[in-house]
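Subject: Handover of a structure for your review

Dear colleague,

Please find below the structure that I am passing to you.

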Amino acid sequence: MATEADVAVIGAGVVGLAVARALAQAGREVFLLESERFVGFHTSSRNSEVIHAGLYYPPGSLKARLCVEGRHALYAYCEAKGVPHARLGKVLVATAAEEVPALERIARTAAANGVEDLRWLSAAEVAELEPELACVRGLLSPSSGIVDSHAFMSALRADAEDAGAHVLLATPVLSGRVVAGGLALALGGDEPAQVHFRTVVNAAGPWAQTVARRLEGLPADSIPPQHFAKGHYFTLSGKSPFRRLVYPAPVPGGLGTHVTLDLSGRAKFGPDVAWVDGVDYAFDEGRAESFYASIRRYWPGLKDGQLEPGYTGIRPKLSSEGQPAADFVVQGPDVHGVPGLVNLYGIESPGLTAALALAGEVVGLTAQAVA
Ligand SMILES: Cc1cc2nc3c(=O)[nH]c(=O)nc-3n(C[C@H](O)[C@H](O)[C@H](O)COP(=O)(O)OP(=O)(O)OC[C@H]3O[C@@H](n4cnc5c(N)ncnc54)[C@H](O)[C@@H]3O)c2cc1C
C-alpha cells in the first residue's frame with residue numbers, strides 16, 4: 001500500500017467494521033487493519049448475540065445512550081439488509097422475594113434510559129408465557145431480541161467495501177508514532193509497511209490498551225486500566241423449554257446465568273464471570289456444577305446431563321473485580337491531545353447492540369480538534 005493514507009481503523013470486530021463503514025460512507029478513504037485472517041474472530045463471535053433494550057446501564061452513561069440508540073439503529077439495519085434477527089422479548093425473573101428489589105431497580109433504570117415498554121408480570125402471567133419458569137415475579141422486555149452477529153458483520157463489511165473501504169486481514173498494527181498531521185503506523189503481516197495515516201481509530205477490543213501503549217507520543221496517563229472477565233456458555237442438549245430470553249436478577253460483574261436462544265431456537269446458558277489475566281478462551285468444564293445450581297433456581301426441570309460445554313468469551317473490562325462497572329470510553333483528541341486519534345476502550349456488553357451508535361460517535365470525534 002501507499003506510504004500515506006487517510007484513515008486506519010485498527011481491529012475488524014463488529015465495532016471496527018461499523019466504524020469503517022460509517023467513515024467510508026462519509027467519503028473517507030478507509031483501511032481496516034485486522035491481525036487475524038477473518039473478521040470478527042474475537043469478542044464479536046463470542047457473545048450472547050442479544051439485542052439489549054438498555055435496561056441495566058446508569059442513566060446518562062454512554063452505555064445507556066448508545067445501547068438505546070444502537071438498538072433502534074440495529075433493528076432498522078437488520079430489516080433493511082435482511083440480517084437474520086428476532087424480537088423475541090426477554091423475561092427477567094425474581095426467583096425469591098429478596099430479588100424483587102433488583103428487578104424494581106432495573107425497571108427504574110430502564111425508564112430513566114427511555115425504555116418505556118417494560119411490563120410487570122405476576123408469577124401466573126409468567127407461567128402462561130413460559131410454563132417451565134419458576135419465579136415469584138417477572139418483568140417483560142418486549143424490545144429485547146437476538147441477531148445473527150456473523151450476518152451483521154458480513155453486511156457491515158459489504159457496505160464498507162461498497163463505499164470503497166479496504167479490509168486488510170492478517171495485517172497487525174505493530175506500533176505507531178505521533179507525527180505532524182497524523183500517526184505513522186508500522187504494519188506487520190506478509191507485506192510489512194510504514195504508513196502515515198491522517199486519522200487512526202483504535203477499535204482493537206480487548207487489545208485496545210495494548211495498541212495504545214505502543215503508540216509513541218500518546219500520553220500514558222490517558223490509557224485506562226485493562227482487565228478481563230471470562231464468560232463460559234453451556235449449551236442445552238435437546239429442545240429449548242423457552243421461547244423468550246430469560247434473565248435472572250443480575251450478579252456482580254455480569255447479568256447472571258441467563259438463557260439465550262439462537263435463531264434456530266437452540267438454547268444456551270451463560271455467561272458466568274471468571275476474572276482472568278489475559279485473553280485465553282480455555283473452557284473450564286468444572287463450572288458445570290455451579291451452572292446447574294443457578295439455572296435450577298428458575299428452571300427446576302433441568303435434568304442432569306443436559307448441559308454441554310459450549311464456548312467462552314472475554315469481556316474487556318476497565319474496572320476490576322469488586323469495583324463498580326465502568327462505562328464505555330470513547331476518547332478523542334480533546335482528552336488525549338493527539339489530533340486525528342480516537343481510542344475505544346472497555347467495549348464490553350452492550351457493544352454489539354451499540355455498534356452502529358458507537359460508529360456515529362467516532363465519526364464525530366474524528367473531526368475533533370485538540371482542546
Ligand atoms: C461473554 C460476552 C457476552 C456478550 N454478550 C453481548 C450481547 O449479548 N449483546 C451485546 O450487545 N454485546 C454483548 N457483548 C459485547 C460485544 O460482544 C462486544 O462489545 C463487541 O463484540 C466488541 O467488538 P469489538 O469490535 O470492540 O471487539 P473485537 O470483536 O474483539 O474486535 C477487536 C479486533 O481487533 C483486532 N486486533 C487486536 N489487536 C490488533 C492489532 N494490533 N492490529 C490489528 N488488529 C488487532 C482483533 O483481532 C479483533 O478482531 C458480549 C461480550 C462478551 C465477552
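Ser175 has Ala186, in β11, as its bridge partner. Helices (DSSP runs of H or I, at least four residues) and strands (runs of E, at least two) are numbered from the N terminus, and two strands pair if DSSP finds at least two bridges between them.

Two notes on the source are needed here. Residues are numbered from 1 along each chain as its sequence is written. The model is predicted: local features need pLDDT of at least 70, side-chain atom pairs count only at pLDDT 80 or more, and totals for chains, interfaces and linings use all residues.

Strands around β10

Strand β10 (residues 173-179) and strand β11 (residues 182-187) are antiparallel and share 6 bridges. They form a hairpin with 2 residues between them, and Gly181 in the turn has a positive phi of about 75°. β10 also runs parallel to strand β13 (residues 215-216), to which 2 bridges join it. There, Arg177 stands opposite Glu216.

All 5 of the 5 residues of strand β5 (residues 90-94) are buried, so the strand is largely enclosed by the rest of the structure. A residue is buried if 20 or more other C-beta atoms lie within 10 Å of its own, exposed if 12 or fewer, and partly exposed in between, with C-beta atoms placed from the backbone. Both faces of β5 are covered, with Lys90, Leu92 and Ala94 buried on one side and Val91 and Val93 buried on the other. Strand β7 (residues 137-141) runs antiparallel to β5, and 5 bridges join the two; Lys90 stands opposite Ser141 of β7. With strand β15 (residues 245-248), β5 pairs in the parallel sense over 4 bridges. In β15, Lys90 has Leu245 as its bridge partner.

A separate open sheet of 3 strands has the order β3-β8-β4 and antiparallel pairing. Its edge strands, β3 (50-51) and β4 (85-86), each pair on one side only. β3 is joined to strand β8 (residues 145-147) by 2 bridges, and Ile51 stands opposite Gly145 in β8.

Domains and core

The protein chain is assigned domain 1 (4-46 + 150-224 + 326-366) and domain 2 (90-142 + 226-317); such bounds come from an automatic or database domain assignment. The centres of the two domains, taken over C-alpha atoms, are separated by 32 Å. Their contact takes 10 residues from domain 1 and 10 residues from domain 2, where contact requires C-beta atoms, placed from the backbone, within 7 Å. The side of domain 1 that touches domain 2 has 3 nonpolar, 5 polar and 2 charged residues. In these classes, Ala, Val, Leu, Ile, Met, Phe, Trp, Tyr, Cys and Pro count as nonpolar, Asp, Glu, Lys and Arg as charged, and the others, Gly among them, as polar.

The largest nonpolar core has 103 residues, and those touching the most other members are Val9, Ile10, Ala18, Val19, Ala20, Val30 and Leu358. Helix α1 (residues 14-25) gives the most to this core, with 9 residues. Domain 1 and domain 2 both give residues to this core, so it lies between them. A nonpolar core is a set of buried Ala, Val, Leu, Ile, Met, Phe, Trp, Tyr and Cys residues joined through C-beta atoms within 7 Å.

Leaving aside residues up to four places away in sequence, Leu358 touches Val15, Ala18, Leu66, Gly70, Val330 and Leu344.

Two buried residues

Met153, in helix α5 (residues 149-162), is buried, with 24 other C-beta atoms within 10 Å. Beyond four places in sequence, Met153 touches Val14, Leu17, Val39, Gly40 and Ser44. Met153 and Thr353 are 200 residues apart in sequence and 12 Å apart in space, C-alpha to C-alpha.

Val342, in strand β21 (residues 341-345), counts as buried because it has 25 C-beta neighbours inside 10 Å. By contrast, Val342 and Glu308 are 34 residues apart in sequence and 41 Å apart in space, C-alpha to C-alpha.

Ligand surroundings

The ligand is surrounded by 42 residues, the closest being Gly11, Gly13, Asn47, Gly205 and Gly351; a residue is near a molecule if its C-beta atom, placed from the backbone, lies within 6 Å of it. This shell divides into 19 nonpolar, 17 polar and 6 charged residues. At least three residues of the shell come from each of domain 1 and domain 2. At least two are supplied by each of α1, β19 (307-317) and α9 (351-366).

With kind regards
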